[in-house]
Amino acid sequence: MSSSLRIAINGYGRIGRCFLRALYESPLKDTLQIVSINEPADLATIAYLSRFDSTHGVFPGKIGTGAECLIVDGREIGVTHACVPEEVDWKGLGVDLLIECSGCYTQRHDFDRFLEAGCERLLISQPGRSAQDVDLTVVYGINHGELGRDQRIVSNASCTTNAVVPVLDQLHRAFGIGHVFLTTLHSVMNDQPLIDGYHHSDLRRTRSAMQSMIPVGTGLAQGVERFLPQLAGRVQAKAIRVPILNVSAIDVVVELGCDASAREINLLLLEAAAAQPGLIAYSVDPHASIDFSHNPHSVIVDGSQTRINGPRLANLLLWFDNEWGYANRMLDVANYWSKRFS
């Protein structure tokens with residue numbers, strides 16, 4: 001393991017734990033090594049939630065603990081419990097790449113604190129407040145080839161951006177796009193309470209997550225425009241949280257630049273799935289959302305739901321596991337980037 005890329009995770013919540021599990025379920029576990037986790041929670045709880053997960057099941061390997069460390073399949077991972085970047089000796093840990101999954105930091109001056117504390121590079125599990133707050137925002141399969149030695153702060157975009165951009169990119173290349181409206185039906189998240197309570201400044205998010213469908217704000221339109229700037233000003237989006245634990249969908253309404261049939265659209269996306277295995281999948285089976293839990297693809301196109309209204313107004317349904325698919329893309333980006341800066 002001496003030649004492995006040394007990775008640390010800051011913030012060991014849903015995505016942090018999924019990232020670790022995705023690595024250990026991947027052949028990359030022999031080339032990427034998690035050496036440190038920083039999480040304010042106590043070690044016993046960290047080990048317990050690593051071993052048992054209500055969404056993704058029991059960890060497929062062995063989880064144990066040692067003196068201030070998590071032991072995963074015989075490998076020790078040091079655990080610290082700092083609440084700010086400066087309290088961890090990242091340089092002393094010899095960390096090559098930090099996976100920042102806390103969600104607490106959104107601006108460049110916050111990310112710089114990790115660099116000043118000894119981190120070499122950061123891969124962030126959210127878009128950041130703006131494109132200018134990071135060196136590069138990546139959707140794997142779209143622009144990961146731009147990764148190189150010069151970047152130190154990289155965003156993995158959002159789960160919804162990773163899902164919809166590959167599809168819009170294909171549609172735009174083939175038919176052109178006039179306008180787009182995106183409605184995300186997203187599973188519940190930790191910023192919602194189980195029962196009504198003083199949980200958030202957004203009043204809708206004070207309501208019980210498991211009793212209602214709840215509209216929330218979304219930056220998806222801006223996320224799409226980072227990757228498809230030719231659509232700037234032509235993308236609108238909204239999001240509705242729905243009372244399920246995992247798997248989300250995007251209802252896409254797109255005005256195409258030329259006439260197209262549902263069959264032509266589906267054939268295009270079927271070919272895209274064949275060309276990008278592991279990123280885009282395609283199905284016409286009669287699915288329910290649970291079918292895609294623990295699915296590692298960025299997006300699954302449901303060809304049975306493709307519709308055309310008139311010659312140019314298209315409607316598509318896209319599925320994605322907002323946890324597992326996203327964590328796997330973070331793993332892909334970490335692996336690809338490591339080859340460019342090592």
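Mentor: Start with the term: a salt bridge is a side-chain nitrogen of Lys or Arg within 4 Å of a carboxyl oxygen of Asp or Glu. This is a predicted model, in which local features need pLDDT of at least 70 and side-chain atom pairs count only at pLDDT 80 or more, while totals for chains, interfaces and linings use all residues. Residues are numbered from 1 along each chain as its sequence is written, and side-chain values use heavy atoms, with hydrogens and water left out.

Trainee: OK, how many salt bridges does the structure hold?

Mentor: Twelve. In one of them, Arg241 and Asp191 meet through their side chains at 2.9 Å, N to O. That pair links distant parts of the chain, 50 residues apart: Arg241 is in strand β14 (residues 235-242) and Asp191 in the loop between β12 and β13. Helices (H or I, at least four residues) and strands (E, at least two) are DSSP runs, numbered from the N terminus.

Trainee: Is Arg241 buried or exposed?

Mentor: Arg241 counts as buried, because its relative accessibility is 7%. The cut-offs are under 20% relative accessible area for buried, over 50% for exposed and partly exposed in between, with a 1.4 Å probe and protein chains only. Asp191 has a relative accessible area of 22%, so Asp191 is partly exposed.

Trainee: Which other residues are in a salt-bridge network with Asp191 and Arg241?

Mentor: Asp202 and Arg205 are linked with them in that network. Asp191 and Arg205 form a salt bridge at 2.4 Å, N to O. Both lie in the loop between β12 (177-187) and β13 (214-216), so this pair ties together parts 14 residues apart in sequence. Arg205 is buried, at 12% relative accessible area.

Trainee: And what about Arg207, what does its side chain meet?

Mentor: Asp196, in a salt bridge of 3.2 Å, N to O. Arg207 counts as partly exposed at 45% relative accessibility, and Asp196 counts as partly exposed at 47%.

Trainee: Switching to the inside. Which residues have the most contacts in the largest nonpolar core?

Mentor: Leu70, Val164, Leu171, Leu182 and Val252, in a core of 81 residues. Helix α8 (residues 324-341) gives the largest share of this core, nine residues. By nonpolar core I mean a set of buried Ala, Val, Leu, Ile, Met, Phe, Trp, Tyr and Cys residues joined through side-chain atoms within 4.5 Å. Another core, of 17 residues, lies apart from it and has Val95, Tyr105, Cys119 and Ile124 among its members.

Trainee: What does Leu171 touch?

Mentor: Not counting residues up to four places away in sequence, Leu171 touches Gly176, Ile177, Val254, Ile265, Leu268 and Leu316. Contact means heavy atoms within 4.5 Å.

Trainee: Where is Ala260, then?

Mentor: Ala260 sits in the loop between β15 (248-256) and α7 (262-275). It counts as buried, at 8% relative accessibility. Leaving aside neighbours within four places in sequence, Ala260 is in contact with Phe175, Ile265, Ile308 and Pro311.

Trainee: Last one: what does the UniProt annotation say about residues 5-159?

Mentor: The unreviewed UniProt entry annotates residues 5-159 as "domain: Glyceraldehyde 3-phosphate dehydrogenase NAD(P) binding". UniProt positions are given in the numbering used here, feature names are shortened, and annotations may be inferred rather than shown by experiment. In the model, that span is 22% helix and 28% strand, with its end C-alpha atoms 25 Å apart.
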